[in-house]
Amino acid sequence: MSSNTRQEGCEGGNAESCVSVAAQNTEGHGVPQDARQAAEFFEKACTGGVAEGCFNLGLLYGKGHGVPQDERRAAALYEQACTGGAAEGCNSLGIRYAKGSGVPQDERRAAALYEQACTGGSAMGCVNLGLSYAKGSGVPQDDLRTAELFEKACTGGAATGCFGLGVQHETGFGVPQDARRAAALYEQACMGGMAMGCFNLGLLQDNGSGVTQDPRRAAALYEQACTGGEAKGCFNLGLLHEQGRGVTQDARQAAARYEQACTGGEAKGCFNLGLLHDEGRGVTQDVRRAAALYEQACTGGMATGCFSLGLSYVKGSGVPQDARRAAALLEQACAGGMATGCNSLGARYANGSGVPQDWRRAAELFEKACTGGFAEGCFNLGLQHEKGHGVPQDERRAAGLYEQACTGGVAKGCNSLAVLIDNGHGVPQDARRAAELFEKACSSGAVTACFNLGLFYGKGRGVSQDERRAAALQEQACTGGMAMGCNSLGIHYAKGSGVPPDGRRAAEFFEKACTMGAAQGCFNLGLLYKQVQGRGAPEAASLASAYFGKACRAGLSAACDQQ
């Protein structure tokens with residue numbers, strides 16, 4: 001039937017023809033697109049008793065297309081459509097009762113209308129009723145009933161129903177947990193045009209859950225989700241490009257995907273793009289842009305974004321240096337569940353940086369960091385308990401916290417625990433156990449522990465005496481920047497203990513220790529020059545005096561006696 005024939009039929013009183021003419025005006029099929037004209041024809045159809053006309057006119061009033069937006073009028077038209085047998089009218093009216101849009105909010109009434117819509121053949125009515133049962137909104141909470149309704153919706157062609165049922169099978173809510181079945185349902189949802197279905201299926205392919213692990217297939221699904229407007233898909237595709245999994249490793253492509261994710265409201269995309277700008281990977285290095293992206297991530301609720309922005313303010317990287325602003329951002333990161341943020345904020349309270357110095361508050365924050373799994377927080381809290389800063393002095397508690405830090409991979413925690421065990425403070429004295437902990441800490445890069453272990457080998461404390469091993473450990477400590485390690489190594493060379501005797505090498509290490517701030521190094525170098533003085537080296541006396549003076553000024557009384 002031609003458009004002219006339909007219009008003539010509508011004008012002749014055929015209400016069904018009015019719906020067809022209105023649809024043509026709405027979509028611009030065969031006639032110019034004209035929402036106002038469409039509204040007039042839907043009005044005629046509705047007045048003529050065609051429920052579909054009332055429903056479509058309700059849609060136009062809801063959106064303000066061709067007619068003034070009027071939520072109350074839209075609800076009344078949906079009511080008319082529902083009463084006239086249009087299931088989608090019942091569903092749309094249910095949505096309005098759920099939101100309180102144009103009608104008083106009434107979740108029970110909404111659920112009853114969804115039930116009517118679902119029974120009348122509206123797949124989306126079944127979806128919405130299923131969601132009501134999932135939340136216990138207007139009906140008793142019932143995961144099994146939710147699954148039945150999602151199944152009915154999915155069978156009726158609603159991709160959202162397939163997706164919802166997929167989530168239930170993946171999580172085991174109301175149905176047996178079955179990742180394979182979940183994957184099949186996500187596939188259906190994805191094919192039905194639901195981007196989240198593609199994304200969730202991509203996750204399963206990425207992890208090999210219910211399907212064969214296939215990063216390439218995951219990448220294709222993330223791409224589909226991204227193209228369909230799901231920002232999470234863009235983000236995950238960016239991750240794959242950054243890691244080179246399933247796609248070519250390409251930081252530039254990763255940056256482009258993170259940009260898409262960020263623009264789409266995915267805070268993680270903003271954060272990762274910020275990292276790339278910070279490091280200059282795949283994009284031009286731009287710390288100002290990085291800071292702006294961290295800000296965006298933080299505003300989007302991502303604690304890591306607040307933390308990184310806080311560090312930018314600490315360093316003055318891309319933003320003016322501002323200790324107070326940094327502390328406020330670290331507070332946000334901590335409140336957002338980031339243990340690292342609590343630890344960093346605790347350090348600022350301990351130092352009085354950007355906030356008033358407050359040892360008690362520092363202890364609270366270190367406790368929170370430690371409880372949150374950040375081992376450095378346990379170490380810092382241990383220090384406070386050992387020294388009695390802001391908390392009662394308690395070496396037993398300190399030892400327990402150092403143990404936690406050590407187990408969590410904090411080398412200085414192992415070293416501090418070893419010191420307590422060696423001295424029998426808060427724990428039984430045990431030189432062998434102390435030596436084991438110094439070894440562990442030294443192997444993990446704690447140079448103080450290398451120094452302490454070197455002393456143990458030199459004395460045969462907790463280990464077999466071994467001067468060669470002792471000297472090697474002091475060399476490690478010295479190379480790592482510990483002044484007293486250089487001083488001890490100098491003593492080894494001066495005595496020929498574990499190394500060949502070598503006064504020149506001894507002097508070099510004492511000099512290094514002295515330059516690094518160890519008064520004992522200055523004193524020992526003074527002693528060397530004093531010994532040389534009696535061997536026909538007149539300048540040695542003034543050098544010895546100079547080094548003794550340096551050691552004396554640093555607070556070493558024995559050096560003062562030598563002047």
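Predicted model: local features only at pLDDT ≥ 70, side-chain atom pairs only at ≥ 80, totals over all residues.
Buried here means under 20% relative accessible area.

**Before selecting anything**

A disulfide is a covalent bond between the sulfur atoms of two cysteines. With sulfur pairs within 2.5 Å taken as disulfides, the count for this model comes to 15. The stops below are among them.

**Stop 1: C154 and C162**

Select C154 and C162 and show their side chains. A disulfide joins the two, with an S to S distance of 2.1 Å. Where do C154 and C162 lie, buried or exposed? Both C154 and C162 are buried, so each has under 20% relative accessible area. Next, look along the S-S bond of C154 and C162: the torsion about this bond is about 95°, and the disulfide is therefore right-handed.

**Stop 2: C46 and C54**

Move to C46 and C54. Their sulfur atoms are 2.1 Å apart, in a disulfide. Hide the surface if it is on, since C46 is buried and C54 is buried as well. What is the handedness of the disulfide between C46 and C54? The disulfide is right-handed, because the torsion about its S-S bond is about 95°.

**Stop 3: C442 and C450**

Finally, select C442 and C450. C442 is linked to C450 by a disulfide, and the separation of the sulfur atoms is 2.1 Å. Turn the view to the S-S bond of this pair. The torsion for C442 and C450 is about 100°, which makes this disulfide right-handed. As for accessibility, C442 and C450 are both buried.

Definitions and conventions: Residues numbered from 1 in each chain as written. Heavy atoms only, no water. Buried < 20%, exposed > 50% of the residue type's maximum accessible area, 1.4 Å probe, protein only.
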